[in-house]
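Hi,

Here is the two-chain model you were after.

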Amino acid sequence: MSASTQEINNLINQEYKQGFVTELETNTFLPGLDESVIHKLSKIKNEPEFMLEYRLKAFRHWQTMKSPEWAFVKFDPIDYQSISYYSAPKRKEDGPKSLDEIDPQVLEAYKKLGIPLDEQERLAGVAVDAVFDSVSVATTFKGKLKDAGVIFCPISEALRDHPELIKQYLGSVVPHTDNYFAALNAAVFTDGSFVYIPKGVRCPMELSTYFRINAANTGQFERTLIIADEGSHVSYLEGCTAPMRDENQLHAAVVELVAMKDAVIKYSTVQNWYPGDKNGLGGIYNFVTKRADCRGDNSKVSWTQVETGSAITWKYPSCVLTGDNSVGEFYSVALTNNYQQADTGTKMIHIGKNTRSTIVSKGISAGKAQNTYRGLVKVLKSAENARNYTQCDSLLVGDQCGAHTFPYIEVKQPSAQVEHEATTSKISEDQLFFCQQRGLSAEDAVSMIVNGFCKEVFKELPMEFAVEAQALLGLSLEGSVG
Amino acid sequence: MATANTSAYVDGYPEVVSLLCGQSLPWLQQQRADALLQLTTHGFPSLRDEDWRYTNVSAIDKKHYGVALKSASVAIDSDWLKTYQLADAWSLVLIDGYFSAELSNLNGLPEGVTVVSLAQAMQDTHYSALIEGRLNSAVESTENGFVALNGAYFVDGALIYISSKQVLAKPIQVLHIATQELAAINTRTLIVADELSEAQLIETFAGLDCAYLSVAVAEVFVGQNAAVTLHKVQVESDKALHFGGTYVKQARDARFRHDNFALGGLLARSDVHTDLEQASECELNGLYLGVKRQQIDNHTRINHLKPHGISRQLYKGVLDDKARGVFQGRVVVAEDAQKTDSQMNNRNLLLSNDAEADTKPQLEIYADDVKCAHGVTVGQLDEKSIFYLQSRCVDEETARNMLTFAFANEMVDKVKIKSLHDLILGQVLTRFPQEGINKEWL
């Protein structure tokens, strides 16, 4: 919570602070998409043959598909031929061997974002993979992780060094036929992070990827694959920002998580893509497919997301609870202001016995924004004693915004217990009055109430992120109060 | 994904057009033509339609349903009819969609109250001001393929009019009886309650043991400060397909309540849509019991258009064998509709391994000063309650029966008309998935 009204006023006048552009020499493909682009992409990445085939298969499938229209969002059709599918800072032919060889301007850009790539300066205990436009520019703490047996590297590197793992797992959770944007991603994904935690290893530090879109007219298509082998444990964080531009940029990522027997994956996202200006001009289209497969018994996947950015957010981090006794969790805060639109939620597919899932979703809508929770809880016949609890609350700030709830519940197993609760309300005058009576300004009171509303989710975030998330919330609500 | 074929209904239309009511009304002919065109171009809904994603209507392709002829109706046993016809109510009976004056009981209707066959009313200019402009105004044929089918094909139905300040002493029952194998029965009901009036209405759907398609559309206009309760008792034959839609317009301060007891039919779907003006209230209740291979759907849509509206929904389902229950509820709060208070609840009890419950309670809210909540549960009986009863020397099976019955009986108890309550309770008991309900519990 901010300390005084003065600070709030400063905040209100503040722009999207990650909105700067880094001037760089880049290698960028001309806009356009056909098979030759995919051949070129695969070649530039030095990929094995099977990967090229996979991409082409996905591309051909994508061409047969139509852009989905069921979500509660409105946008003009995207011209996929006007997007450039590859943009990378220029660098030496064989890539940087160490941090010293990275373009200092890229390092500077990350410093400005508060993500110094210099290991000494970094908060102890977090390893970062930095993805700048289409490529990963640096991964920190590689050595230390290697000692523990953990593989944490850009996915393009994993394609060369661990093709057998990629071949086995890539597309096994989100197949290239899954949906329109997943097919596109499978065809043209450029980079992303790859994590493999071997049997019985508890990852010694938090892993983190920081995505940055910099170049104009490009789309970012990253792919993240996390495999937690038997009995392992990993916590992964993801952050993202982009410059302020008047045109909309597409970000279509795919994230696949595989949790084997007794493994635990915790995946946290603080999404702060450029949301567009006050009049709804510009901003990122964030169309993401995220899915976890709890393959082994007793495995657990926990998604936590704080969605404050993007002109349009359209994503449903999901859990397929295949293993017996597996657990899926989804904690989300989605905040929309001005003309932002969010259609987000989760899917929990109960297949194994005694599977449990928890969904806590908090939507806050302000300005002229539309905020939609859409979630599916499906209990198959095999899922004896499955248990789900869903709670989704919406808070409306202002009278021109919308908050919507579309839960889908499908149960085929009588021993399952499924509960869903949802409420929609505004900040009550009584609450505000109470706070003001105790000497708090209206803005502080709103900030405090909103933070309280979201607390259930924030407590799931790793400490550094929780602080960032709270600050972001204050920032994104600016101008919507009083 | 198979989409049910409409060609039989489109191609056969010229042959049956002479059977349909309102031939002398040009505006109605135009509406029928529009409805048929809608059916031709858009067909029946498929699973790809968001509102029909859990309702697979391809079953209507498996048999060829033809328009029922009045002359082909099977004689009805009067004792059988008595189980459904309330003695202490005015009743209008439709056999295979056609009005039957002999079976109806419309004696002693007070002045200012009209209960008449829609086909007859259309021949009488006395009623034209009531019908024209209202028919097809609460719902249009663009709503879905079954409303379009009904709009093109309805042969008869009921017109109920309650003039202002009229408070009905007895309920009015519209009794739909199906008697013919493979009949397609399309009926239309128009209910108009003027300001400050009060009425209890009952729609009952029953049939002989045969396979038929029943499509019933009701349009209800509740005037300012009027109060209308509509009880729907759907006990169709267990081979029947039933698509019923109730479309309501509520004026300022109007109150509307709809209770749906959906017990019969192989595939039975009920849609209730209502538009609420300022400070109007609606209460929608439903109980569905599914056994064998039954699928029973309840779909609601409540549009809060103006401030201070109140809506309450409670739908409960008990599903056994391979039955499937579907609830899709949608509450829309428009930008203007501040201070709206809306609650939606759906509770499902699954009794067998093959039963299924699908539910989708949706909220769409464009106003900030509102209280809206929805809740859904799907599950089993509370083990603690069973334990409690067992600790009181009730054996487990009886305990389960008691609790299951109590779960359903909450809805039956909401019916305050004694004879109707008894009728519904009797139907619930005969169709109850579990045997061994003890009358002493009642």
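Strand β24 of chain A (residues 417-426) and β20(B) run antiparallel and are joined by 7 bridges. (Two strands pair if DSSP finds at least two bridges between them; strands are DSSP runs of E, at least two residues, helices are runs of H or I, at least four residues, and both are numbered from the N terminus.) If you want one pair to click on, Thr423(A) has Ala373(B) in β20(B) as its bridge partner.

Before you go further: this is a predicted model, so to speak of local features we need pLDDT of at least 70, side-chain atom pairs count only at pLDDT 80 or more, and totals for chains, interfaces and linings use all residues. Residues are numbered from 1 along each chain as its sequence is written, while chains are lettered from A and ligands numbered from 1 in the order in which they are written.

Back to where the chains meet. On the B side 31 residues are in contact with 30 residues of chain A, where contact means that the C-beta atoms, placed from the backbone, lie within 7 Å. β19 (356-365) and β20 (371-379) of chain B each supply at least two residues of that side, and β19(B) gives the most, with 10 residues. By type, the side of chain B that touches chain A divides into 14 nonpolar, 9 polar and 8 charged residues. (Nonpolar is Ala, Val, Leu, Ile, Met, Phe, Trp, Tyr, Cys and Pro; charged is Asp, Glu, Lys and Arg; the others, Gly among them, are polar.)

As for chain B itself, it has 10 helices and 20 strands. Its radius of gyration is 21 Å, close to the 22 Å that the globule rule gives for 442 residues, so chain B is as compact as a globular protein of that length. (The radius is taken over C-alpha atoms, and the rule is 2.2 Å times the number of residues to the power 0.38.) Of the 442 residues, 52% count as buried, meaning 20 or more other C-beta atoms within 10 Å; 12 or fewer is exposed, and in between is partly exposed.

- Lys165(B) is not a glycine, yet has a positive phi of about 65°. Lys165(B) sits in the loop between β5 (156-162) and β6 (172-178).
- Ala279(B), also not a glycine, has a positive phi of about 60°. Ala279(B) lies in the loop between β13 (267-276) and β14 (281-290), and is partly exposed, with 17 C-beta neighbours inside 10 Å.

Cheers

Note on methods:
Contact = placed C-beta atoms within 7 Å.
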